[in-house]
Amino acid sequence: MNEKPKVAFFDFASCEGCQLTIINLEEAVIEVAKLVDIVSFREAMKEHSDEYDIAIVEGSIMRPMDEERLKKIREKAKILVALGACACLGCVQRMLNQWPIKESLKTVYGDEMKDNPYFANFETKALDEVVHVDAYIPGCPINKDEFVQVVLALLQGKKPPIPDYSVCVECKKKENVCMFEIGKFCMGPVTRAGCGAACPTLGSECEACRGFVSHPEENAHTEVLKKYGLSPEGILQRSTMFTYRYREKKEVNSNE
Ligand code: SF4
Ligand code: SF4
Ligand code: SF4
């Protein structure tokens with residue numbers, strides 16, 4: 001009988017909510033556990049092994065020592081999966097990249113901390129800015145059904161089934177009233193679907209926790225936002241929470 005693939009979970013800067021989502025899979029986790037051997041999962045078990053085939057990594061990379069650790073994980077894994085918005089994008093902690101680290105430390109902790117050498121090289125990165133990533137599971141937190149689908153696809157050697165159309169598609173199918181129609185702001189037009197338009201369905205604006213689709217119509221989105229009376233500055237502020245990665249890239253390109 002063939003050995004089952006060994007799976008190990010790792011975490012970096014994160015709230016660990018994506019791992020918690022996996023623990024909360026209930027019956028589905030038993031089905032997944034039948035197909036793989038989970039050899040390391042700090043949140044759920046105390047055993048640990050450095051022998052694994054698939055590394056599922058949560059969290060963003062913030063320190064040089066994180067980069068070294070991630071590279072070692074990559075060396076051992078045949079497949080590396082980025083789990084959640086922290087790992088895929090840098091998530092909310094990436095907002096920190098907007099300012100020099102000293103300035104942030106001073107604002108949050110006062111003068112005494114601003115020159116603390118421990119924080120001197122802090123910069124938030126997504127996993128794929130440090131190592132090659134084979135598959136992404138977006139969201140903050142991830143969608144647990146999508147997690148199972150991605151694991152099953154990887155085990156079968158198939159492409160993980162992550163949608164590449166916008167949240168608006170799912171939102172329209174649910175016949176929700178559009179947030180713009182009631183004077184709110186929404187990132188749905190440029191955001192990757194797969195959450196079932198969770199936020200607009202519950203009356204909240206989409207903040208793009210799943211990141212952008214591959215080819216977002218940002219200009220068209222900006223036109224829509226302007227039509228509803230949102231200023232370009234306001235748009236930038238509102239599109240920073242999960243997606244500063246995209247803005248940062250643009251700012252770097254425009255400075256080159
Ligand atoms: S993506 Fe969200 S839920 Fe998942 S670890 Fe990061 S902050 Fe927590
Ligand atoms: S509420 Fe948001 S996701 Fe829904 S249709 Fe309007 S812009 Fe799109
Ligand atoms: S609606 Fe937007 S913010 Fe809400 S879960 Fe979906 S992608 Fe994330």
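Which helices and strands each supply at least two residues of the lining of the largest cavity? In this predicted model, they are β1 (6–11), α2 (27–35), β3 and α6 (144–155).

## Basis of the description

This is a predicted model in which local features need pLDDT of at least 70 and side-chain atom pairs count only at pLDDT 80 or more, whereas totals for chains, interfaces and linings use all residues. Residues are numbered from 1 along each chain as its sequence is written, chains are lettered from A and ligands numbered from 1 in the order in which they are written, and side-chain values use heavy atoms, with hydrogens and water left out. Helices (H or I, at least four residues) and strands (E, at least two) are DSSP runs, numbered from the N terminus.

## The cavity

The structure holds one cavity of 30 Å³ or more, and the volume of the largest cavity is about 80 Å³. A cavity is here a set of points, on a 1 Å grid over the protein atoms alone, where a 1.4 Å probe fits but cannot get out, and lining residues have an atom within 4 Å of a point. Grid points are joined across faces, edges and corners, and a volume is the space filled by probe spheres set on the points.

The lining consists of V7, F9, I22, L25, V29, V32, V36, I38, I54, I56, F147 and V151. By class, this lining divides into twelve nonpolar, no polar and no charged residues, where Ala, Val, Leu, Ile, Met, Phe, Trp, Tyr, Cys and Pro count as nonpolar, Asp, Glu, Lys and Arg as charged, and the others, Gly among them, as polar.

## The parallel strands

Strand β1 is joined to strand β2 (residues 37–40) by three bridges, and these two strands run parallel; in β2, D37 is the bridge partner of K6. Five bridges join β1 to β3, again in parallel, and A8 stands opposite A55 in β3. Two strands pair if DSSP finds at least two bridges between them. Because five of the six residues of β1 are buried, β1 is largely enclosed by the rest of the structure; buried means under 20% relative accessible area (1.4 Å probe, protein chains only).

Strand β3 (residues 54–58) is also joined to β4 by five bridges, the two running parallel, with V81 of β4 as the bridge partner of I56. Together with helix α3 (residues 64–76), β3 and β4 make a right-handed β-α-β unit, right-handed meaning that, with the strands pointing away from the viewer, the path from the first strand over the helix to the second runs clockwise. Three bridges join β4 to strand β5 (residues 135–137), which run parallel, and A82 stands opposite Y136 in β5. Four of the five residues of β4 (residues 79–83) are buried, so β4 is largely enclosed by the rest of the structure.

## The ligand shells

Ligand 1 is surrounded by residues with a heavy atom within 4 Å of it, among them C15, C18, E58, C86 and C140. Helix α4 gives the most to this shell, with three residues, and the shell divides into six nonpolar, four polar and two charged residues.

Around ligand 2 stand residues including C168, C171, C178 and C186; helix α7 (residues 167–173) gives the most to the shell, with four residues, and the shell divides into nine nonpolar, one polar and one charged residue. The shell around ligand 3 includes C195, C199, C206 and C209, and divides into seven nonpolar, one polar and two charged residues. P200 is listed both around ligand 2 and around ligand 3.

Definitions and conventions
Buried means under 20% relative accessible area, exposed over 50%, partly exposed in between (1.4 Å probe, protein chains only). On a 1 Å grid over the protein atoms alone, a cavity is a set of points where a 1.4 Å probe fits but cannot get out, and a pocket is an open set with protein on both sides within 12 Å along at least five of seven lines; lining residues have an atom within 4 Å of a point.
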